[in-house]
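Please consult the sequence and the structure shown below while reading.

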Amino acid sequence: MTKHLIFAAVSLLTMAAFMSCHHQPKADDPLADSGRTRRTENLLNNMRAQADSAGYMYGHQDDTAYGIGWVGDSCRSDVQSVCNDFPAVIGFDLGHIELGDSCNLDGVPFDHMRELIIAQYDRAGVITLSWHVNNPYTYKKGMTYGGTSWVADSTKLRDLEHKTMKEVLKEGATHDRLVAWVDSVAEFLNSLETPYGVKVPVIFRPWHEHTGSWFWWGKDYCTPDEYRQLWKIVAERFREKKVTNALLAYSPGGVDTPEEYMERYPGDDLIDILGLDNYCYTNGPADAEGVLRFVDTLSHQLDVVCDLARQHGKVAALTETGYEGIPMKDWWTTALDAAIGDHKIAYVLTWRNAHDKVGHFYAPYPGHASVNDFVAFYNLPRTLFVHDINALYLKKK
Ligand code: BMA
């Protein structure tokens with residue numbers, strides 16, 4: 001009897017000890033080596049494999065938030081309205097989250113954005129987030145001019161803009177404000193959780209087009225080292241705030257040489273995706289030469305990005321593009337797809353279909369002249385929409 005009691009007690013103790021030290025790993029626990037969830041790592045690796053073998057995903061900024069003639073409808077998309085499929089990638093912008101505002105700079109409520117992000121994840125689609133963050137040094141509440149991402153067109157503000165970087169980096173008087181602003185992004189990313197506890201993986205793409213000088217983090221406003229410090233702050237704060245669901249994308253504006261592309265590169269330890277932003281600009285809708293120039297330039301620039309991505313073991317992407325108003329009815333197949341060609345990019349993202357700016361749209365909507373060509377683009381074997389992709393996240397390796 002005593003023997004049995006002792007045996008039972010020992011068994012119970014062993015079981016309790018086992019249960020307390022053997023925490024069952026969950027699919028969304030961060031992995032020890034990267035600090036990110038398995039799904040986030042799998043997204044990265046599967047995007048690379050998909051770019052190598054299957055083709056490129058089509059993406060559209062703010063696709064499900066609004067479109068031509070509508071705002072905030074549930075489950076609506078201009079792209080879906082013309083081809084009965086959602087973009088494989090949907091982009092949103094976090095600008096103004098740093099101000100504690102309820103809506104982003106284009107009027108999308110952050111609570112709604114969170115729902116749209118989770119809805120895109122639920123259809124196995126990919127999400128990318130840009131950040132048109134205000135200037136932490138010059139922005140003051142209530143100001144009607146200046147203080148935004150864009151450098152202001154005024155000499156007085158220009159001087160302050162040149163001082164911005166020194167003020168916001170470590171040791172600067174406004175450093176704490178920048179850190180708090182990055183923390184507001186971290187908080188939003190941490191809040192991207194499904195009802196069943198899945199942290200939705202996203203591609204975060206801040207400090208973009210820095211090779212130009214239209215944003216306060218642009219080329220004329222900081223040194224390469226200062227620019228890199230901005231990225232380090234993001235990486236440090238994300239680590240501190242335990243953001244486990246973000247891949248980081250670097251996206252210079254169109255540059256022609258690997259040296260220019262890499263001049264301000266933050267480093268392989270920080271960056272996952274090598275992007276490129278390049279738009280089609282012409283001298284009016286009849287400028288066929290202008291479109292050809294775009295095709296040639298983009299194709300060359302994608303050579304540069306894809307070579308670098310291969311050398312550095314990164315994923316390549318065309319992180320922003322488009323032809324405002326799409327004034328050419330076969331632009332999709334004869335310009336965009338022609339420029340992408342066999343380049344091994346994971347995705348292309350066209351910019352938003354603004355509801356608040358006439359003519360500022362980059363994807364077709366029902367009735368637009370490029371609809372037929374867009375459908376032909378949709379039907380090309382190498383363009384991937386939501387119905388063409390699945391299992392990019394995978395719970396297991
Ligand atoms: C720009 C334009 C702006 C918009 C900004 C952030 O390129 O579309 O109207 O506010 O992107 O989305």
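**Ligand, pockets and cavity**

The model is predicted, so local features need pLDDT of at least 70 and side-chain atom pairs count only at pLDDT 80 or more, whereas totals for chains, interfaces and linings use all residues. Residues are numbered from 1 along each chain as its sequence is written, and side-chain values use heavy atoms, with hydrogens and water left out.

**The ligand and its surroundings**

- A polar side-chain atom of H360 lies 2.6 Å from an oxygen atom of the ligand.
- In the side chain of R352, an N or O atom is 2.7 Å from an oxygen atom of the ligand.
- For K357, the distance from a side-chain N or O atom to an oxygen atom of the ligand is 2.9 Å.
- On its own the ligand has 310 Å² of accessible area, of which the protein covers 82%; accessible areas come from the Shrake-Rupley method with a 1.4 Å probe.

**The largest pocket**

- Rolling a probe the size of a water molecule over the atoms shows where empty space is left.
- On a 1 Å grid over the protein atoms alone, a pocket is an open set of points with protein on both sides within 12 Å along at least five of seven lines, while a cavity is a set of points where a 1.4 Å probe fits but cannot get out; lining residues have an atom within 4 Å of a point.
- The ligand takes the space of the largest pocket, since a molecule sits in a pocket if more than half of its atoms lie within 2 Å of its grid points.
- The largest pocket holds about 600 Å³ of space, a volume being the space filled by probe spheres set on the points.
- This pocket is lined by 25 residues, and E209, W214, Y279, Y281 and E320 are the closest to its centre.
- Its lining has 8 nonpolar, 8 polar and 9 charged residues.

**The second largest pocket**

- About 420 Å³ of space lies in the second largest pocket.
- Of its 16 lining residues, S34, R36, A235, R239 and V243 lie nearest its centre.
- Helix 7 (224-240) and strand 7 (246-250) are the elements that give two or more residues to this lining; helices (H or I, at least four residues) and strands (E, at least two) are DSSP runs, numbered from the N terminus.

**The cavity**

- The structure holds 1 cavity of 30 Å³ or more.
- Its lining consists of Q61, G91, F92, T128, L129, S130, R205, T319 and L349.
- Strand 5 provides the largest share of that lining, 3 residues.

Methods:
A polar contact is a pair of N or O atoms within 3.5 Å; within protein, one must be able to donate a hydrogen and the other to accept it, and residues adjacent in sequence count only if both atoms are side-chain atoms. Ala, Val, Leu, Ile, Met, Phe, Trp, Tyr, Cys and Pro count as nonpolar, Asp, Glu, Lys and Arg as charged, and the others, Gly among them, as polar.
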